[in-house]
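Open the model in your viewer and keep the sequence panel beside it. The tour below goes from one selection to the next and says what is found at each stop.

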Amino acid sequence: LSFVTPLDEEPLFRAGTKLTATAFKLKGKDIQAECEVRHTRELKGSKTPSLKVGCEFTQIRPGDSQHIA
């Protein structure tokens, strides 16, 4: 999973940070999971200073994993 957030939120998303209440919609399905931040990267050339955050799922709600492939 990856997402973009404002660059000033970088301290919230350091590598190793656990995100225990991650929720998002994929193909109309609400997905709930726990993730760990694996890496971040500043996005160059965007209109607003932004950070791309890459996460790894550590736990996923039963039944949701079949929707992520």
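Predicted model: local features only at pLDDT ≥ 70, side-chain atom pairs only at ≥ 80, totals over all residues.

Two strands pair if DSSP finds at least two bridges between them.

**Stop 1: β3 and β4**

Select 29–43 for β3 and 50–60 for β4. These two strands pair in the antiparallel sense, over 10 bridges. For one of the bridges, pick Glu-36, whose partner in β4 is Glu-56. Then move to the turn: β3 and β4 form a hairpin with 6 residues between them. Gly-45 sits in that turn and has a positive phi of about 85 degrees.

**Stop 2**

**Stop 2: β2 and β3**

Keep β2 and β3 on display. Their pairing is antiparallel and covers 7 bridges. Thr-22 has Ala-33 of β3 as its bridge partner, and Phe-24 stands opposite Ile-31 in β3.

Follow the chain from β2 into β3 and stop at Lys-27, which lies in the loop between the two strands. The hairpin here has 2 residues between its strands. Lys-27 has a phi near 55 degrees, a positive value in a residue other than glycine. Most residues other than glycine have a negative phi. Is Lys-27 buried or exposed? Its relative accessible area is 80%, over the 50% cut-off, so Lys-27 counts as exposed.

**Stop 3: Ala-33**

Select Ala-33, in strand β3. Its relative accessibility is 7%; because buried means under 20%, Ala-33 counts as buried. Show what surrounds Ala-33, leaving aside its neighbours within four places in sequence: the contacts are Leu-19, Thr-20, Ala-21, Thr-22, Phe-57, Gln-59 and Ile-60. Then draw a distance from the C-alpha atom of Ala-33 to that of Pro-62; the separation is 9.5 Å, although the two residues are 29 apart along the chain.

**Stop 4: the nonpolar core**

Select Phe-13, Leu-19, Cys-35, Val-37, Leu-51, Val-53 and Cys-55 together: these 7 residues make up the largest nonpolar core. Both β3 and β4 supply at least two residues of this core, and β4 gives the most, with 3. In soluble globular proteins, nonpolar side chains tend to be buried together.

Within this group, look at Val-53. Apart from neighbours within four places in sequence, Val-53 is in contact with Leu-1, Ser-2, Phe-3, Thr-5, Phe-13, Val-37, His-39 and Thr-40. Two of these contacts, Phe-13 and Val-37, are also members of the core.

**Stop 5: the aromatic pairs**

How many aromatic pairs are there? The count comes to 2. For one of them, select Phe-3 and Phe-13: the ring centres are 5.4 Å apart and the planes are at 75 degrees, so the pair is edge-to-face. Phe-3 belongs to strand β1 and Phe-13 to the loop between β1 and β2, 10 residues apart, and the pair links these distant parts of the chain. Phe-3 is partly exposed, at 26% relative accessibility, whereas Phe-13 is buried, at 13%.

For the other pair, select Phe-24 and Phe-57. These rings are stacked, with 6.2 Å from centre to centre and 25 degrees between the planes. Phe-24 lies in strand β2 and Phe-57 in strand β4, so the pair ties together parts that are 33 residues apart in sequence. Phe-57 counts as partly exposed, with a relative accessibility of 28%.

Terms used:
Residues numbered from 1 in each chain as written. Heavy atoms only, no water. Core = buried A, V, L, I, M, F, W, Y, C linked by side-chain atoms within 4.5 Å. Buried < 20%, exposed > 50% of the residue type's maximum accessible area, 1.4 Å probe, protein only. Helix = DSSP H or I, 4+ residues; strand = E, 2+ residues; numbered from the N terminus. Contact = heavy atoms within 4.5 Å. Phe/Tyr/Trp six-rings, centres within 6.5 Å; stacked < 30°, edge-to-face > 60°.
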